[in-house]
Amino acid sequence: MSRFHGINGDMVQFTPEEEAEWDAREAVYQAAEPAEKETGIRTDRDRRIALTDWTGMSDVTMAADMATYRQALRDITSHADFPDLETEDWPTAP
């Protein structure tokens, strides 16, 4: 597929060199995408765990279902669909 860019108001087709440069940039972007997605999932997981940290304080007895939920959050990176998780892949908070 040919690519074009505007030069002085005209649409001009990429040269072979410009095509190669664009392809190289796209490859770098595509290579970084899974790592960025994984980082986003881990950030969301950490936020969800942080919301329940109060249940682990010394003056609170953590319920078994909360401990199970927190463990499931820690294990989310082992999920078969990671990092392409759907909403239903996440554990449900008690």
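Entry 1: I took helices as DSSP runs of H or I with at least four residues and strands as runs of E with at least two, numbered from the N terminus.

I numbered residues from 1 along each chain as its sequence is written, and used heavy atoms for side-chain values, leaving out hydrogens and water. Because the model is predicted, local features need pLDDT of at least 70 and side-chain atom pairs count only at pLDDT 80 or more, while totals for chains, interfaces and linings use all residues.

**Entry 2: bend and burial in α1.** I found a bend of about 30 degrees at E33 in α1, and a proline, P34, follows within four residues. The bend is the angle between axes fitted to the seven residues ending at a residue and the seven starting there. I then listed the buried residues of α1, which are E19, I41, R45 and I49. Buried means under 20% relative accessible area, exposed over 50%, and partly exposed in between, with a 1.4 Å probe and protein chains only. The buried residues of α1 pack against α2 (64-74).

Entry 3: I checked E19, in helix α1, and its relative accessible area is 16%, so E19 counts as buried. Setting aside residues up to four places away in sequence, E19 touches M1, S2, R3 and F14; contact means heavy atoms within 4.5 Å. A27 is also a residue of helix α1, and A27 is partly exposed at 45% relative accessible area. I noted 52 Å between the C-alpha atoms of A27 and D59, which are 32 residues apart along the chain.

**Entry 4: rings.** I counted one aromatic pair. It consists of F14 and W22, with ring centres 5.9 Å apart and planes at 70 degrees, so the pair is edge-to-face. The rule pairs rings of Phe, Tyr and Trp (its six-membered ring) if their centres lie within 6.5 Å; planes under 30 degrees apart are stacked, over 60 edge-to-face, and the rest tilted. F14 is buried at 14% relative accessible area, whereas W22 is partly exposed at 41%.

I also looked for a charge over a ring, and R48 lies over the face of W90 at 4.0 Å from the ring centre. The test asks for NZ of Lys or CZ of Arg within 6 Å of the ring centre and within 35 degrees of the ring normal.

**Entry 5: R70.** I located R70 in helix α2, where R70 is buried with a relative accessibility of 12%. Its side chain makes a polar contact of 3.1 Å with the side chain of D53. A polar contact is a pair of N or O atoms within 3.5 Å; within protein, one must be able to donate a hydrogen and the other to accept it, and residues adjacent in sequence count only if both atoms are side-chain atoms. Apart from neighbours within four places in sequence, R70 is in contact with I49, T52, D53, T55 and M62.

**Entry 6: backbone.** Most residues other than glycine have a negative phi, and most peptide bonds are trans. I found N8 with a positive phi near 50 degrees. N8 sits in the loop between β1 (4-7) and β2 (10-13), and N8 is exposed at 76% relative accessible area. The peptide bond from F82 to P83 is cis, with omega near 5 degrees, and P83 lies in the segment after α2.
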